[in-house]
Amino acid sequence: MDLETAKERAGPREFSPADDLPEEYRKAATRMIEFHANSEIMGAYLERPFIRQAPSIDRKLAFSAKVQDEIGHGQLLYRAAESLGVKTREEMLDDLANGDGKFLNCFHYPMEDWVETPMIAFFVDGAAMRRQATLRRTSWEPYAHAMDKVCFEEGFHVKHGEDILAELMSGSKKEQRMTQEAFEEWWPRIIQFFGPTDDKSTHHDFAASVGLKQQSNDQLRNAFLDQYIPKARKYGLEIPDEPRIRERDDGTYEVAEDDLDWDEFFTIAKNDYEPGLDQINGRKAAQEAVQWVRDTIEGDASAAGGHAPQAAD
């Protein structure tokens, strides 16, 4: 299939591994899904310490389940990307461990206190849901299929994060103050979650033309603001003065995008943000720590003549 034919046919869940797709499509889809898979993994690593630090057994269990879900999402997405035939799952995991794999800006920042957890589990996961819901209509069917499961589970994550936020904002004055401070620190990063402004996006036009993306970065960002500014206020959070938010006559919102620190954003996009290097190095250390497990599994597979053992073995 040539590129023009792919653009003409592009529609929700239109293409599968049975289609002979042009290289441009396969590379663009791989880049997009690999980025998503890396982000699921790195988000899980950011939240993992709060399995221990959660203040109750119920919160510990919920965080444990959430981290397992996010790791599972990553593995599911690596398989969806691998089915395009450009990179193997192992190559993508190696790139992530070596600092070559890219992932979402929010997961480059350290998270140190419990009051920060709803910034990820409510606001960032809520932003992710805005984007992932549209990806259920992406043209690469394995990616869309993975989104069915991811969106179902992310819905629970957002509710969990909202419950933590509600608890903190109805707690002591100190908890309320600390949560507001965390919100002010994370708010600009969350708004940048959707990527560069449309005029600076280098991948959107092609991805949209072949049905990989359904909405632009700015469309998703504005839809998130419309939904989450009222929710933040509902729990007593004050929207920071910067970046400036303008309310239109119809009650929708838009951000003054020039108020955001795009130099920092693009430094992060290159994996050059100094505080985020600990996140990347942590992933590399984790991969090296379990290398013996992969070696054992691969050794068993070789001993079995390359055939995977049956579940009952």
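The legends below describe close-up views of a predicted model.

Residues are numbered from 1 along each chain as its sequence is written, and side-chain values use heavy atoms, with hydrogens and water left out. Local features need a pLDDT of at least 70 and side-chain atom pairs count only at pLDDT 80 or more, whereas totals for chains, interfaces and linings use all residues.

View 1. Tyr109 is placed in the loop between α5 (89-97) and α6 (117-135), where helices are DSSP runs of H or I with at least four residues, numbered from the N terminus. With a relative accessible area of 2%, Tyr109 is buried, a term that means under 20% relative accessible area with a 1.4 Å probe and protein chains only. Beyond its neighbours within four places in sequence, Tyr109 is in contact (heavy atoms within 4.5 Å) with Leu46, Trp186, Arg189, Glu264, Ile268, Tyr273 and Gln279. The side chains of Tyr109 and Glu264 are joined by a polar contact of 2.6 Å, that is, a pair of N or O atoms within 3.5 Å, of which, within protein, one must be able to donate a hydrogen and the other to accept it, while residues adjacent in sequence count only if both atoms are side-chain atoms. The C-alpha atoms of Tyr109 and Asp278 are separated by 9.3 Å, although these residues are 169 residues apart along the chain.

**View 2. The pair of Phe194 and Phe224.** Rings of Phe, Tyr and Trp (its six-membered ring) pair if their centres lie within 6.5 Å, and planes under 30 degrees apart count as stacked, over 60 as edge-to-face and the rest as tilted; by this rule the count comes to 20 aromatic pairs. One of them is the tilted pair of Phe194 and Phe224, at 5.7 Å centre to centre with 55° between the planes. Phe194 lies in the loop between α8 (173-191) and α9 (204-209) and Phe224 in helix α10 (residues 217-234), so the pair ties together parts that are 30 residues apart in sequence. Phe194 is buried at 1% relative accessibility, and Phe224 is buried with a relative accessible area of 0%. Ring pairs link both into a cluster that also includes Phe122, Phe123, Phe183, Trp187, Phe193 and Tyr228.

**View 3. Charges over rings.** A charge sits over a ring if NZ of Lys or CZ of Arg is within 6 Å of the ring centre and within 35 degrees of the ring normal. The charged end of Arg189 sits over the ring of Trp186, 4.7 Å from its centre, and Lys231 lies over the face of Tyr228, at 4.7 Å from the ring centre.

Definitions and conventions. Helices (H or I, at least four residues) and strands (E, at least two) are DSSP runs, numbered from the N terminus. Buried means under 20% relative accessible area, exposed over 50%, partly exposed in between (1.4 Å probe, protein chains only).
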